[in-house]
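Here is a short tour of a protein chain, with an eye on its overall build and its aromatic rings. Have a look at the model first, then read on.

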Amino acid sequence: MRRFLLLASTVALVATMPAFAQSGDRAQLARILDEGTAHSDVMPIAAHLSDVIGPRMTNSPAMRQAEAWTQAKFTEWGLRNVHKEGFDFGRGWSIVSSSVRMLTPRPIPLTAIPIAWTPATNGPLRAPIIVAPMKHERDFAKWHGQLSGKIVLVTLPDTGSEPKEAAFERYSAEELRKLDQYQQPNYDPDAVDRRVKRLDYAKKLDAFLKAEGAVAMATMAYRDGKLVSGEGYTFGVGDTPSLPAVQIAAEDYRRLARLAKVGPAPTLEITSDVRFDDSDTQAYNVLAEIPGTDPKAGYVMAGAHLDSWVAADGAADNGAGSAMVMEAARIIAKTGIRPKRTIRFALWAGEEQGLLGSLAYVEKHLATRGTPGDPKLTGLKLYTGWANRWPITPRPGWGDLAAYFNLDNGSGKIRGIYVENNPAVVPIFRDWLAPFAPMGATDVVIRKTGGTDHVFLQSVGVPGFQFIQDPLDYDSRVHHSSIDTFDHLKGDDMRQGATILASFLVNAANADKALPRPPLPTKPVATDPFAYSDEEE
């Protein structure tokens with residue numbers, strides 16, 4: 001029955017092709033639909049990335065394994081020019097094992113995780129806690145002389161939260177309509193400068209705690225439900241912290257804070273067996289191609305980030321997107337479609353540390369920003385400050401990239417596409433999306449999106465796009481969390497997503513004209529030049 005329904009769905013979808021489509025286009029779409037629905041490999045790909053390889057922190061041993069495995073799969077499917085491109089990143093880091101226990105006033109195992117790129121404890125570390133909330137450098141004076149020999153809890157405990165909305169969501173038609181709103185750009189150069197300066201705070205906090213004689217640091221997880229994430233961003237060579245640090249689940253952290261408030265302060269035992277790897281400080285993007293028949297026509301591209309955090313298996317963020325991009329490559333290769341433009345596939349590294357892999361690609365192949373005299377930026381400072389540098393100088397290959405499509409919102413069904421304030425592509429994408437209305441993909445919205453790998457391509461005037469996906473429980477529970485595992489992925493949704501992506505890539509690769517490009521950005525004026533801001537916003 002399932003096979004019959006899939007074939008019937010394919011016939012219905014092909015029948016909805018726009019009237020102007022050529023018979024060859026109809027045949028191509030039919031092959032894409034059949035391969036993507038009846039012969040899909042997307043879930044085995046996702047399962048290998050999440051269940052077998054597991055969390056893929058940039059430059060970790062697991063990420064190196066993922067780089068090799070994905071290249072082998074692209075080669076197996078017949079793609080060409082399969083290779084890695086390196087860029088400066090920093091230290092590798094991975095967790096071997098960890099545990100956190102409250103020893104007094106009673107023994108309790110706590111839900112916690114080492115914060116990324118913090119050092120090991122070299123065996124069990126036992127010490128009393130002190131709750132010493134600190135957010136700014138000016139807070140240090142309050143705790144001077146009180147932290148020696150202590151595990152310092154630096155987050156101000158709150159009273160908890162109760163969810164007001166369902167954790168799992170699919171978009172309604174009304175919610176999709178609300179996305180179709182043009183967003184005025186908001187440019188505040190002073191705010192960018194303030195963010196860059198604040199990025200030094202983590203290093204200053206670590207130095208202060210060490211100077212005061214603290215033995216470890218702990219923070220509170222930012223979501224309830226015993227969810228932890230363990231994000232950390234001091235990954236550069238020479239930048240990693242000197243003190244062990246853990247993130248403790250919100251419920252456990254609040255219990256510790258309550259006990260410390262009435263005294264005596266609880267004693268904790270932290271065991272953090274983590275490993276650094278400095279054998280290769282380069283991170284690597286994985287690239288592969290389906291060659292085009294016209295070498296002068298340029299290329300189109302799809303991408304997703306292969307790296308993840310390590311609290312769980314990196315399944316939804318972003319094993320799902322990586323699997324759909326790989327599956328789109330497999331579908332197109334399997335169908336034997338020969339596109340006019342080359343179709344390039346990218347699995348990015350360093351996305352979780354500031355879109356660093358896609359930014360490295362932009363700088364190498366597309367455009368540079370700023371002047372030779374600008375100070376060198378690394379890590380999160382590069383992410384924060386790069387798009388505020390002027391002018392933009394296109395490289396010779398800038399015009400070759402005709403379109404870029406990104407997937408990085410979990411495993412939810414594609415419901416449409418954001419055109420990222422590029423109204424000229426709206427009618428084109430409506431035509432391309434029309435065959436997939438029976439699959440639930442209908443909406444083309446003007447809105448811009450941020451926070452993932454199309455951002456820096458857009459920032460230099462390349463047509464870069466992100467698909468609208470059903471949220472599911474991605475933002476509410478799964479994103480970066482300790483439950484980001486394979487069982488939160490939805491197979492029907494991912495088969496649909498990979499199929500739509502493959503179709504969009506073929507349409508973009510075979511179009512008579514490249515997609516309309518936005519203007520090359522120039523330095524904007526401040527949105528509100530009369531506004532004042534607190535230096536420590």
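## Burial and overall build

A residue is called buried when its relative accessible area is under 20%, using a 1.4 Å probe. With that in mind, this is a predicted model, and buried residues make up 54% of its 537 residues.

The secondary structure comes to 16 helices and 18 strands. A compact globule with 537 residues would have a radius of gyration near 24 Å, and the chain agrees, since its value is 24 Å. Along the principal axes, the C-alpha atoms fill a box of roughly 80 × 60 × 45 Å. Of the contacts between residues at least 6 apart in sequence, 84% join residues at least 24 apart.

## Surface and charge

The accessible surface is about 23000 Å², with 53% of it belonging to carbon and sulfur atoms. The chain carries 59 positive and 63 negative side chains, and the centres of these two sets lie 1 Å apart.

## Aromatic pairs

Across the whole structure, a search finds 23 aromatic pairs. One of them is stacked: the ring centres of Phe140 and Phe208 are 4.4 Å apart, with planes at 5 degrees. Because Phe140 sits in helix H5 and Phe208 in helix H8, this pair ties together parts 68 residues apart in sequence. Phe140 and Phe208 are buried.

The pair of Phe405 and Phe504 is edge-to-face, because the planes meet at 85 degrees with ring centres 5.8 Å apart. Phe405 belongs to strand S15 and Phe504 to helix H16, so the link spans 99 residues in sequence. Both Phe405 and Phe504 are buried.

Ring pairs also join Phe89, Trp93, Trp117, Tyr233, Phe235 and Trp309 into a cluster.

How values were computed: Residues numbered from 1 in each chain as written. Predicted model: local features only at pLDDT ≥ 70, side-chain atom pairs only at ≥ 80, totals over all residues. Heavy atoms only, no water. Helix = DSSP H or I, 4+ residues; strand = E, 2+ residues; numbered from the N terminus. Rg over C-alpha atoms; globule rule 2.2 N^0.38 Å. Buried < 20%, exposed > 50% of the residue type's maximum accessible area, 1.4 Å probe, protein only. Contact = heavy atoms within 4.5 Å. Areas by Shrake-Rupley, 256 points an atom, 1.4 Å probe, with all protein chains shown as cover. Lys, Arg positive; Asp, Glu negative; His and termini not counted. Charge placed at Lys NZ, Arg CZ, Asp CG, Glu CD. Phe/Tyr/Trp six-rings, centres within 6.5 Å; stacked < 30°, edge-to-face > 60°.
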